[in-house]
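Here is a short report on a protein model. Look over the sequence and the fold, then read on.

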Amino acid sequence: MIRLLVKEIAEAQDLNKSKLQLKSGVTLPLLTRYWNNKTTEIKLDALEKIANALGVPPQSLLTTEDPA
């Protein structure tokens with residue numbers, strides 16, 4: 001199962017959800033779904049905006065591993 005790492009990467013950079021939303025320009029409801037892994041689809045343009053705001057490649061926001 002694919003899982004998003006938005007929350008983990010953002011928190012490692014000392015960014016909360018509100019700061020990341022402002023920095024990335026995506027809507028807060030969308031970011032909240034990605035932050036909490038509560039989505040059934042991923043919009044590539046939104047993922048790219050979030051990745052750019054975090055300074056990481058988009059693929060680093062995705063994993064197939066379940067959290068331990």
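Predicted model: local features only at pLDDT ≥ 70, side-chain atom pairs only at ≥ 80, totals over all residues.

**The salt bridge**

The structure holds 1 salt bridge. The side chains of R3 and E8 form it, with 3.1 Å from N to O. Its two partners fall into separate burial classes. R3 has a relative accessibility of 17% and so counts as buried, since the cut-off for buried is under 20%.

T63 sits in strand β2, which covers residues 62-63. The relative accessibility of T63 is 17%, so T63 counts as buried.

**Helix α2 and its two partners**

Two packed helices are described by the angle between their axes and the distance between the axes. The table gives both values for each pair.

| Helix pair | Axes come within | Crossing angle |
|---|---|---|
| α2 (residues 17-24) and α3 (residues 28-35) | 10 Å | roughly 125° |
| α2 and α4 (residues 44-54) | 9 Å | roughly 105° |

Take α2 and α3 to begin with. Their axes cross at roughly 125°, and that makes α2 oblique to α3. The crossing is right-handed. On the α2 side, K17, L20 and Q21 make the contact; on the α3 side, L28, L31, T32 and W35 do. By class, the residues of this contact are 4 nonpolar, 2 polar and 1 charged.

Now α2 and α4. How are these two helices oriented to each other? The axes cross at roughly 105°, so α2 and α4 are roughly perpendicular to each other. The class applies because it spans 65 to 115 degrees. From α2, the contact draws on L20, K23 and S24; from α4, on K49, I50, A53 and L54. This contact of α2 with α4 has 4 nonpolar, 1 polar and 2 charged residues.

Definitions and conventions. Residues numbered from 1 in each chain as written. Heavy atoms only, no water. Salt bridge = Lys/Arg side-chain N within 4 Å of Asp/Glu carboxyl O. Buried < 20%, exposed > 50% of the residue type's maximum accessible area, 1.4 Å probe, protein only. Axes fitted to C-alpha atoms, helices over the stretch in contact; angles between N-to-C directions. Helix = DSSP H or I, 4+ residues; strand = E, 2+ residues; numbered from the N terminus. Parallel < 35°, antiparallel > 145°, perpendicular 65-115°, else oblique. Left-handed = near helix turned anticlockwise from the far one by under 90°. Contact = heavy atoms within 4.5 Å. Nonpolar A, V, L, I, M, F, W, Y, C, P; charged D, E, K, R; others polar.
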